[in-house]
Amino acid sequence: MLSDFFTVQSALGLFILSWIVYSVQLRLQQHWSIKRLGGYAPHLAGYVPFGQRFIFTADPENIKAVLATQFNDFGKGKVFLRDFEEFLGHGIFTTDGEEWLNSRQLLRPQFVQTRVRDLEIFEKHVQQLLLILDGQGTETDVSKLFYRYTLDAATEFLLGRSANSLGNADSDFALAFDEVQRIQTIRVRSGPLQHFVPLWTFRRGLKVMASFIEPFVQEALCKDAGELGEKEGKESTWLDSVARFTRDRTGDARGLNVLLAGRDTTAGTLSFLFKELSAQPAIYRKLRQEILEKVGAQRQPNYEDLKDMPYLQHCINETLRMYPAVPYNMRVALKETSLPRGGGSDGHSAIGVLEDTIIGYSPMYLHRESAQYPAESTSFPPVMQFSPERWERWTPRPWQYIPFNGGPRICIGQQFAIAEIGYTTVRIVQRFAKMEKYWTAEDDWLKSEIVLSPAYGVKVGFHSATENT
């Protein structure tokens, strides 16, 4: 019995000793590789959660390297795909290399200039939104309405039929979409503990979403080449575009990638824009004056009208500067590589980056970093102040302003999103002479799930231009 005890004890000791030797050897190999590739990063935040090196950078040169000049060295990685695969499948947001490129190519036809310039798709949904905004100054959470509005516009754009969530606040698809995103965020943030997250509402939501999308996928796949060719142009949906290139069953998952981008990012930006407009009546009045001078109180703006309203564009740019839709992002090193800045005693040398190292970066932090801007003065407002006027005298340097990311993975729908934000803003401001702010400082919190949004909504009131205001 005693000999058995010593045998077990010896085996355990040998195992621990072997593990220590292996760990030291692994760390030494990593150290030598980092030094060979460049060096460490004393001037950047570096973390080692559960033994994994994590680098967080806000240096524009490093962000440029990750997104553009060293594009092939960094990607989403296998872990990101694993975490999001059940929700988004193998789509443009989850894949790398050839698979990512194929997904992007399938999306490209839907975002050609002729489709982006066609604003009619927004009009009927805007009119439905305006009916809900009664013009009597009633307190309304306009953020919730924007999320329903952009979902309706996105589903019609992609599928040819709206989810009609503005007409039905209890729309099964809208509620399922929200719940799936909520659970997905919890899963990702749980890291190695994500297996303990209950998933029954998540998977029920996925089934609801699939049942909504499935008939449109089936209809598109049943069309022959002649039918698809006849629907080129305005009448063509995104699924029609996919069916021209492939007959596989990935349209529903790829569609969710676009739905996520088409709904949440635009709704969040509209929410923050109108939150700022409600807090600063002078900006609202100036914006309304420009809109009325350009298109009057009734006429639908066209694409050229939106481009010819500089103050409108400044308001959108300033919103995206203060509240970029994706405030935090990451990439994974797909091979041994380096970053150009942050290493050495002065922070100007390269940083060695091992394969599978996570690189985090924050457009929101970058956009709010005072060191990236001119000194505060009478002609340049404080960085943390919402001021569209700053864009009249200031142009950001390359890689200082990245609300749509950059490089080959730059948002393919950015012009469509800006057109939707601009068109929606014009139609609302045309109708209402002023806004009333109901939200308070206690409501002024941000929420970042997959995209950025106001944590407690945007409670405002709208007063019609026909009132005595």
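Analyst: Let us start with the core: the largest nonpolar core has 87 residues, and those with the most contacts inside it are Phe 122, Phe 274 and Phe 462. Helix H7 (residues 142-159) gives the most to this core, with 11 residues. This is a predicted model, in which local features need pLDDT of at least 70 and side-chain atom pairs count only at pLDDT 80 or more, while totals for chains, interfaces and linings use all residues. Residues are numbered from 1 along each chain as its sequence is written, and side-chain values use heavy atoms, with hydrogens and water left out.

User: What makes a set of residues a nonpolar core?

Analyst: The term stands for a set of buried Ala, Val, Leu, Ile, Met, Phe, Trp, Tyr and Cys residues joined through side-chain atoms within 4.5 Å. A second, separate core of 14 residues includes Ile 63, Val 66, Leu 339 and Ile 402.

User: Why is Phe 122 called buried?

Analyst: Buried means under 20% relative accessible area, exposed means over 50%, and partly exposed lies in between (1.4 Å probe, protein chains only). Phe 122 has a relative accessible area of 0%, and therefore counts as buried. Its place is in helix H6 (residues 120-132), where helices (H or I, at least four residues) and strands (E, at least two) are DSSP runs, numbered from the N terminus.

User: Which residues does Phe 122 touch, leaving out those up to four places away in sequence?

Analyst: Contact means heavy atoms within 4.5 Å, and on that basis Phe 122 touches Tyr 149, Ala 153, Phe 416, Ala 419, Glu 420 and Tyr 423. Although Phe 122 and Tyr 423 are 301 residues apart in sequence, they are 7.8 Å apart in space, C-alpha to C-alpha.

User: Are Cys 315 and Cys 411 buried, partly exposed or exposed?

Analyst: Cys 315 is at 0% relative accessibility, so it counts as buried. Cys 411 is at 29%, so it counts as partly exposed. The structure holds 0 disulfides, a disulfide being a pair of cysteine sulfur atoms within 2.5 Å.

User: Why do strands E4 and E9 stand at the edges of their sheet?

Analyst: The open sheet of 3 strands has the order E4-E12-E9, with antiparallel pairing. Strand E4 (140-141) and strand E9 (432-437) each have a single partner strand, so one side of each is left without a neighbour in the sheet. Two strands pair if DSSP finds at least two bridges between them, and 2 bridges join E4 to strand E12 (residues 459-464).
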